[in-house]
Amino acid sequence: MPELPEVEHVKRGIEPFVIDQMIEGVEFSDKVIHGKASGKDTIIKQIDLPMFKKFTEGYKITRVERKSKYILLYLEKEEAKRVLISHLGMTGGYFVVNDLSDIIVPNYQKHWHVNFKLSNGKQLIFSDIRRFGEIKNVDDITAHMIFEKMAPEPFDDDAKTHYQEQLTLRKYQNKPIKQVILDHHVIAGCGNIYACEALFNAGIHPKRRVNTLTKQEKERVFDNVVDVLALGIEQGGTSISDYRHADGQTGHMQDYLKVYKKKVCPVCGGAIQTEIIGGRNSHFCPNCQK
């Protein structure tokens, strides 16, 4: 699943091509059309396709924003304002091309689902191989309840204070720290890969209960989450399976991973262990992480 660094790169990749462009037309794949016709919310959520087109076509894209793992496209048409809220799911991605055939990854070219035709001649295409992604068209982001209690962006000045306050809450005390830092109410956008790497760098075992961590250990975890997310952005994200940039290229963060899907610890030479923690595969070194 694309995590914060990957989503940030998708946002940066599409932004220069879509800002101040009119959406002249919207096309849907057969999978989306047939899914909606059968009562399924395939990709386009909580709105029917004609209404989606009505509130999208003729609108200008004025801003592109990332919140946690979501991409937001702000639209305006005269006095009317809308927001397209996108989540990439497991295998979703946006591509900016002149034509569908220009998507260089065959699977993404085959599994396109929404094509936004822009006034500059470009096409902004949402593709999703497994169709777990989503796009919503709302009049205000407050209509998307997940943003109401989402933590600040990890790089914001108040993010660390918010994290520390959350860790004092009773509901988190007996939970493993790995599970807690994946909670978007605690840290926005920290996904499984980066959580594994941050905990390794912090020297903290992923199964440690929050109430066993010292203040210094809690701070070390947060600081390393921020550092590894920043490195992920710098390296263009992690392309282990399906993730691609908006131009179809891959990221390089996979070359910097130390424990995620690794066999040998780069520090002590011991075996990396894998265990399900909070429903997610966790990779860690039992020697270096206590």
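Biologist: Where is Lys-261 found?
Modeller: Lys-261 is in the loop between α8 and β9 (helices are DSSP runs of H or I with at least four residues, strands are E runs with at least two, numbered from the N terminus). This is a predicted model, where local features need pLDDT of at least 70 and side-chain atom pairs 80 or more, while totals for chains, interfaces and linings use all residues. Numbering starts from 1 along each chain as its sequence is written, and side-chain values use heavy atoms, without hydrogens and water.

Biologist: Thanks! What is the phi of Lys-261?
Modeller: Positive, at about 60°, although Lys-261 is not a glycine. Most non-glycine residues have a negative phi.

Biologist: And is Lys-261 buried or exposed?
Modeller: Lys-261 counts as exposed, at 53% relative accessibility (buried is under 20% relative accessible area, exposed over 50%, partly exposed in between, with a 1.4 Å probe and protein chains only).

Biologist: Which phi does Arg-131 have?
Modeller: A positive one as well, near 60°, and Arg-131 is not a glycine either. Arg-131 belongs to the loop between β7 (123-128) and β8 (134-138). With 34% relative accessibility, Arg-131 is classed as partly exposed.

Biologist: Back to the loop between α8 and β9: where does Thr-238 sit?
Modeller: Thr-238 is in that loop, with β9 spanning 273-277. Thr-238 is buried, as its relative accessible area is 5%.

Biologist: How far apart are Thr-238 and Asp-183?
Modeller: They are 55 residues apart in sequence and 20 Å apart in space, C-alpha to C-alpha.

Biologist: Tell me about α8 then. At what angle do α7 and α8 pack?
Modeller: About 125°, with their axes 8 Å apart (axes are lines fitted to C-alpha atoms, for helices over the stretch in contact, and angles run from 0 to 180 degrees between N-to-C directions).

Biologist: Which residues of α7 and α8 meet?
Modeller: Tyr-194, Glu-197, Ala-198, Leu-199, Asn-201 and Ala-202 from α7 are in contact with Arg-220, Val-221, Asn-224, Val-225, Val-228, Leu-229 and Gly-232 from α8 (contact is heavy atoms within 4.5 Å).

Biologist: What follows α7?
Modeller: Gly-203, with a positive phi near 75°.

Biologist: And at what angle do the axes of α1 and α8 cross?
Modeller: Roughly 35°, and those axes come within 8 Å. From α1, Leu-4, Pro-5, Glu-8, His-9 and Arg-12 make the contact, and from α8 the residues are Leu-229, Gly-232 and Ile-233.

Biologist: Zooming out, how many helices and strands does the protein have?
Modeller: It has 8 helices and 10 strands. The C-alpha atoms fill a box of roughly 55 × 35 × 35 Å along the principal axes.

Biologist: What share of the protein is buried?
Modeller: Buried residues are 54% of the 290.

Biologist: Last one: what share of contacts joins residues at least 24 apart?
Modeller: Taking contacts between residues at least 6 apart in sequence, 63% join residues at least 24 apart.
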